[in-house]
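I opened this notebook to record what I looked up in the structure, one topic to an entry.

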Amino acid sequence: MTLTNSLTAQQLDFTKVKIYEHQLDDVMEIIDTTELKAKLKDVEQEFQLAQTEINKVRLGIIYHETALNLGFLAKTSFKGYSKKSYDVLSELYLDTKTTKELLPFITSYRASALSLLGGETMKLGLVGDAFKLFDESIKKYGNVSYSPEFLRGSVAENLPWFFFSKRKFAKIDMQSIIDKQIVNNEFANWKIMSFVYWAWANQRQSGKNKAQSLVYLDKAIALDPNYKAGRQRAEELKIKMTK
C-alpha cells in the first residue's frame with residue numbers, strides 16, 4: 001500500500017462510512033427480482049424529486065443491481081443498465097466535491113459495473129480494466145469498508161475459467177472480510193456476512209476445508225431468517241455437501 005493510499009484510508013471516518021452504508025443498504029444485494037423492479041422505480045423517482053448526492057449514489061447502485069439481476073431477462077427492457085450505472089458512478093467519482101466517505105461504495109460499484117459492461121458487450125478487456133479499479137478501491141478503502149473486496153470477490157466467483165488469474169480473488173477476498181469481521185464485528189452487516197459465509201464454503205466444498213465450510217453454511221443460514229441474502233444458496237449447498 002502506498003503512502004497516499006494509506007493516508008486516504010486513515011482520513012475516512014469509519015462511523016460516517018457506516019452511516020452512509022445504512023442509507024445505501026436497501027439498494028444493495030437485492031436478490032428478489034420483484035422487489036428490485038419496484039425499488040428501481042422508487043429510486044429513479046426519488047432522484048427526480050431531489051437530485052442530492054446520496055440519491056445519485058443510490059441511483060448508480062440500483063442500476064448496478066438491475067444490470068446484475070435483470071439484464072439477462074429481457075432483450076430490451078433491462079439492457080444497458082451496466083453502462084448507466086458506470087456513467088452515474090463515474091460522474092460522482094470524478095467530482096472533487098463528492099463526500100469521501102461515500103467513495104468506498106462509489107469506487108467498488110463503479111468497478112463492478114464496468115465488469116458487467118464487459119460481459120454484456122463481450123469486450124473482455126473491460127473486465128481487466130475493472131480489476132484495476134477494484135485493486136485501487138481495495139488499497140484505498142478496504143480497511144474501512146467490506147464493499148471493495150466483497151464486490152471483487154463476487155465478480156471473480158462468476159468469471160469463466162480462462163480468467164483463472166482473477167478467479168483466485170473469490171477465495172482471497174471473502175477470507176479477508178471474515179478476518180476483518182473477527183477483529184471488528186461491525187465491519188460488515190448480517191446480509192453481507194450471510195453471502196460471504198456461503199461464498200467461502202462454495203469455494204471449499206471438499207477436502208480439509210469441508211468441516212469449516214459446513215460451519216460457515218450454518219452461519220449463513222442463521223444470519224438470514226427471511227431469505228434475503230445467502231440462506232437459500234447455503235441450504236442447497238449444505239444438502240449437496242452432506243449427501
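Before placing any residue in a helix, I note that helices here are DSSP runs of H or I with at least four residues, numbered from the N terminus. The model I am reading is a predicted one.

Entry on asparagine 55. Leaving aside neighbours within four places in sequence, I found asparagine 55 in contact with Glu46, Phe47 and Ala50, and I noted a C-alpha separation of 7.5 Å from valine 43, twelve residues apart from it along the chain.

Entry on the nonpolar core. I looked up which members of the largest nonpolar core, a set of 73 residues, touch the most other members, and I listed Leu24, Met28, Ile62, Phe131, Phe150 and Val196. Helix α11 (residues 190-202) gives this core its largest share, nine residues. For valine 196 I recorded contacts with Phe150, Met174, Ile177 and Ile178, not counting residues up to four places away in sequence.

Entry on a helix pair. I followed the axes of helix α6 (residues 103-121) and helix α7 (residues 125-141), which come within 8 Å and cross at roughly 170 degrees, so I described α6 as roughly antiparallel to α7. The crossing of α6 past α7 is left-handed. Among the residues making the contact are Leu103, Pro104 and Arg110 of α6, and Leu126, Asp129 and Tyr141 of α7; by class, I noted eleven nonpolar, seven polar and two charged residues in this contact.

Conventions:
Residues numbered from 1 in each chain as written. Predicted model: local features only at pLDDT ≥ 70, side-chain atom pairs only at ≥ 80, totals over all residues. Heavy atoms only, no water. Core = buried A, V, L, I, M, F, W, Y, C linked by side-chain atoms within 4.5 Å. Buried < 20%, exposed > 50% of the residue type's maximum accessible area, 1.4 Å probe, protein only. Helix = DSSP H or I, 4+ residues; strand = E, 2+ residues; numbered from the N terminus. Contact = heavy atoms within 4.5 Å. Axes fitted to C-alpha atoms, helices over the stretch in contact; angles between N-to-C directions. Parallel < 35°, antiparallel > 145°, perpendicular 65-115°, else oblique. Left-handed = near helix turned anticlockwise from the far one by under 90°. Nonpolar A, V, L, I, M, F, W, Y, C, P; charged D, E, K, R; others polar.
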